[in-house]
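Biologist: I want to learn how to read a model like this one. Please take me through it feature by feature.

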Amino acid sequence: RILGASWRQPTPRIRPWSALGRRSTEPEGTMAGDSDDAGRGVEGEEEFAPVTALSSPPRPLPRLGLKRVSARTVGAGSGTVELDPEDAGIEEAIQRIERKSFLRDGVIPEIQSLLVLPPQQAKEAFLSLMANYSLVAMLILASLLGSALDPLDPDAYPDAPKCVAAFNMMAMIISCANLFATCVFVLESVIVESTPAERIHSVIARADGVFGFGVNMVATGLQGLAPLILVRAWVSGLDDVQCVVLTVVVALLYMMMMDTYFVHYQAVSPFQALRWVKLFAMHRYQAGPAHAAVDGLVAELRHLQQKRDKTLTPEQLGQSLGKFFSNADVLLADEAVFLRSLEADAGGRLAPTMEKLARQAFTKVADRELEKIAEAAADTATSAMQS
């Protein structure tokens, strides 16, 4: 109470959406239309202007699992892939893939396979790969940092001073390797985050060196942890028999893991198997599927390097449509197959507007044929009902 007058701050209340899709903001205890003072308040209270009614309800929120994409993102990331034929880095990357010598040339297949993705998808996948590798590197570093900064005291293990020295040295090497891997992946992520989506293919084509260094550092930790654990076991107080049994069991489990994984890897990803299966499980490597996968990827990349400048006249487009639908069942017609056949007829990749026209023409012809089938089905159903 100030100078005997009662004053309180009006509390706005949001009314629910009415049948007309409008809402109002009014003081607590006052409903719109209840009195002539609605929206004005009582004497001694702060006045506020009435809220203009909205003409339509708010746009519903997207469902879980879906991401609203802006118009700029759609234009940059979800369109057709175009690789710059003048980019020396992309051309060099395709040539290195084509030679099929991934180990000698340092090709990282999981990176170069991103060249066939649209720009925004390729950027997101590249960042996701680096995040996963850096997470593994940080986990290894966190698990061994204590041993590296506070090594074992050789005097505490007088019976095995050399094993203690080996353990300390391996812990420090693995810790440093994964520290460097984390630095490389984090710094590269910063560069990629600030790179426009339309330039991401050029960055990916040149990323084998940086990414290969980081992957090799992480591999040092993954492949070195098991021997490190065994060395620690030999200085942990176990007797010789127990240490031998432990070493044999760990070695068997390691071989089972490597064999099981790389058999699966060769089957589902023959392109990437050309590096990793050939490196870690040569006896499981199959050259035929791997080379076929490489040839298919190279053909796709060469196709994406072509300029999108081919056009067709309406008569040529109509003839291509007629030829396609005369040789294909309309119920099994695939738009992507039609566009590929149309590009073969045009002698190259279609211009963006020409591709849009071809899609619209394909949809109209397909809808017309489907309408005929639906009419025939309806007539058959009517005849069956009458009989």
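Modeller: Start with one crossing: H14 and H15 cross in a right-handed way. A crossing is left-handed if the near helix is turned anticlockwise from the far one by less than a right angle, and right-handed if clockwise. Helices (H or I, at least four residues) are DSSP runs, numbered from the N terminus. The model is predicted: local features need pLDDT of at least 70, side-chain atom pairs count only at pLDDT 80 or more, and totals for chains, interfaces and linings use all residues. Residues are numbered from 1 along each chain as its sequence is written, and side-chain values use heavy atoms, with hydrogens and water left out.

Biologist: Which residues of H14 and H15 make the contact?

Modeller: Contact means heavy atoms within 4.5 Å. H14 brings Glu335, Phe338, Leu339 and Leu342, and H15 brings Glu355, Ala358, Arg359, Phe362 and Thr363. By class, these are five nonpolar, one polar and three charged residues. Ala, Val, Leu, Ile, Met, Phe, Trp, Tyr, Cys and Pro count as nonpolar, Asp, Glu, Lys and Arg as charged, and the others, Gly among them, as polar.

Biologist: How is the packing of two helices described?

Modeller: By the angle between their axes and the distance between the axes. Axes are lines fitted to C-alpha atoms, for helices over the stretch in contact, and angles run from 0 to 180 degrees between N-to-C directions. The axes of H14 and H15 (residues 352–386) come within 11 Å and cross at roughly 130 degrees. H14 and H15 are therefore oblique to each other. Under 35 degrees counts as roughly parallel, over 145 as roughly antiparallel, 65 to 115 as roughly perpendicular, and the rest as oblique.

Biologist: At what angle do H8 and H9 pack?

Modeller: About 170 degrees, with axes 10 Å apart. So H8 and H9 are roughly antiparallel. Their contact includes Leu230 and Trp234 of H8 and Val250 and Met258 of H9. It has 10 nonpolar, two polar and one charged residue.

Biologist: How do I find empty space?

Modeller: Roll a probe the size of a water molecule over the atoms. Here the largest pocket has a volume of about 500 Å³. Of its 17 lining residues, Tyr133, Leu222, Tyr261, Phe262 and Trp276 are the closest to its centre. Helices H5, H8, H9 and H11 each supply at least two lining residues. The lining has 14 nonpolar, two polar and one charged residue. On a 1 Å grid over the protein atoms alone, a pocket is an open set of points where a 1.4 Å probe fits, with protein on both sides within 12 Å along at least five of seven lines; lining residues have an atom within 4 Å of a point. Grid points are joined across faces, edges and corners, and a volume is the space filled by probe spheres set on the points.

Biologist: What is phi of lysine 100?

Modeller: Most residues other than glycine have a negative phi. Lysine 100 has a positive value, near 60 degrees. Lysine 100 sits in the loop between H2 and H3.
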